[in-house]
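Open the model in your viewer and keep the selection panel at hand. The tour goes stop by stop.

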Amino acid sequence: MMEKAIEYVRLRFEEMYYSQDTGIRTDSRDCMRSEGLECNCISGMIMNYAGYILSICLPLPLCRPRFLIDEGIGYIKVEYGGKELITLNISDQNVFSCHLSHMVCQHQDREKGQVYIPFRKYRDLEEIKNKIRDSMVMKEVFRHQGIYACYRLELWIYFLKAMRLIPISISSRAFLSMAVFMFPGKTLGYINEGIMSGTISEKEDLERLADFFIEYLVFIKKLQRTTVNGYFFEFVAAFECLTQVHMASFFEMIIHEKRVDNSEENLYSVLVMAYNRNKDEQIRRRGGFKTLVNRLKEIQVSREKVLALESLLG
């Protein structure tokens with residue numbers, strides 16, 4: 001099922017790319033790298049998060065997410081069937097033994113840079129749309145978890161696609177912020193597991209993680225349940241302050257989706273439910289946030305930062 005789910009996400013990326021960014025690619029010479037430009041295809045970071053979201057929206061028992069910090073970049077890494085879904089860097093010796101290795105761009109500089117999955121060639125946009133219509137992935141998401149899971153996946157597809165051209169130092173923070181917000185129990189669980197297992201052990205990384213969660217909890221405090229439009233405005237402003245990423249255009253694309261009724265109300269419900277899950281995690285004695293603070297305290301992260309986290313949790 002993972003293969004079909006990843007194929008669906010890739011098709012959605014391609015549909016949005018060819019609809020908004022450029023004409024249909026018909027020749028490999030259209031590759032940005034052939035013109036000496038930075039690659040604008042789908043990065044390994046994006047595909048790891050796609051795998052993570054799919055593992056939440058679909059029954060994928062062979063999927064194992066983990067939280068890692070690599071050279072200061074914290075992210076959710078996914079393994080599927082005992083193999084990495086895909087690496088982040090093309091220089092990684094495991095890149096061609098990954099689950100998605102057959103998709104990796106063959107034109108990349110093997111010595112440096114991120115892994116990329118290229119946009120494929122098609123006759124026209126209708127060919128992509130037909131493939132999307134034939135896919136059963138969104139129907140499976142709806143069947144297993146209902147309409148709100150479909151909206152969570154839809155929001156992530158737009159979000160991931162829009163991050164393509166943003167530097168990894170910014171996009172990785174935005175991805176992690178959104179992952180914690182939408183799925184606090186699961187994401188905090190993987191972060192706490194990484195600390196407890198010793199996978200995340202560098203003092204500098206742990207101090208940065210504490211800094212991130214201080215800012216993240218400030219972000220949560222800024223969100224209040226007001227009117228629908230008011231809530232979107234509050235979320236966009238608070239998320240941009242946390243991550244430097246402006247979300248308004250993503251929301252507009254989902255709200256104005258003609259194929260779905262009540263898009264605005266459903267998206268509002270998804271965000272409010274996520275906010276409520278975050279508040280629940282803060283309140284529960286053994287919730288993910290309090291467990292995180294206890295872990296950071298045990299490994300002697302800066303006392304000032306621990307006190308700041310405890311104060312924000314109330």
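Is T243 buried or exposed? Select T243 and see. This is a predicted model, and in it T243 has 1% relative accessibility. The cut-off for buried is under 20%, so T243 counts as buried.

**Stop 1: around T243**

Show helix α9, residues 228-243, which holds T243. The T243 side chain comes to 3.1 Å from the V245 backbone nitrogen. Now look further off in the sequence. Leaving out residues up to four places away, T243 touches I170, R173, A174 and S177.

**Stop 2: the second largest pocket**

Which element gives the most? Select α8: its share is 6 residues. Then colour the lining by class.

**Stop 3: H107**

Go to the loop between β4 (83-84) and β5 (116-117), where H107 is found. H107 has 59% relative accessibility. The cut-off for exposed is over 50%, so H107 counts as exposed. Finally, select P118 as well and draw a C-alpha to C-alpha distance. H107 and P118 lie 9.6 Å apart in space and 11 residues apart in sequence.

Definitions and conventions
Residues are numbered from 1 along each chain as its sequence is written. This is a predicted model: local features need pLDDT of at least 70, side-chain atom pairs count only at pLDDT 80 or more; totals for chains, interfaces and linings use all residues. Side-chain values use heavy atoms; hydrogens and water are left out. Helices (H or I, at least four residues) and strands (E, at least two) are DSSP runs, numbered from the N terminus. Buried means under 20% relative accessible area, exposed over 50%, partly exposed in between (1.4 Å probe, protein chains only). A polar contact is a pair of N or O atoms within 3.5 Å; within protein, one must be able to donate a hydrogen and the other to accept it, and residues adjacent in sequence count only if both atoms are side-chain atoms. Contact means heavy atoms within 4.5 Å.
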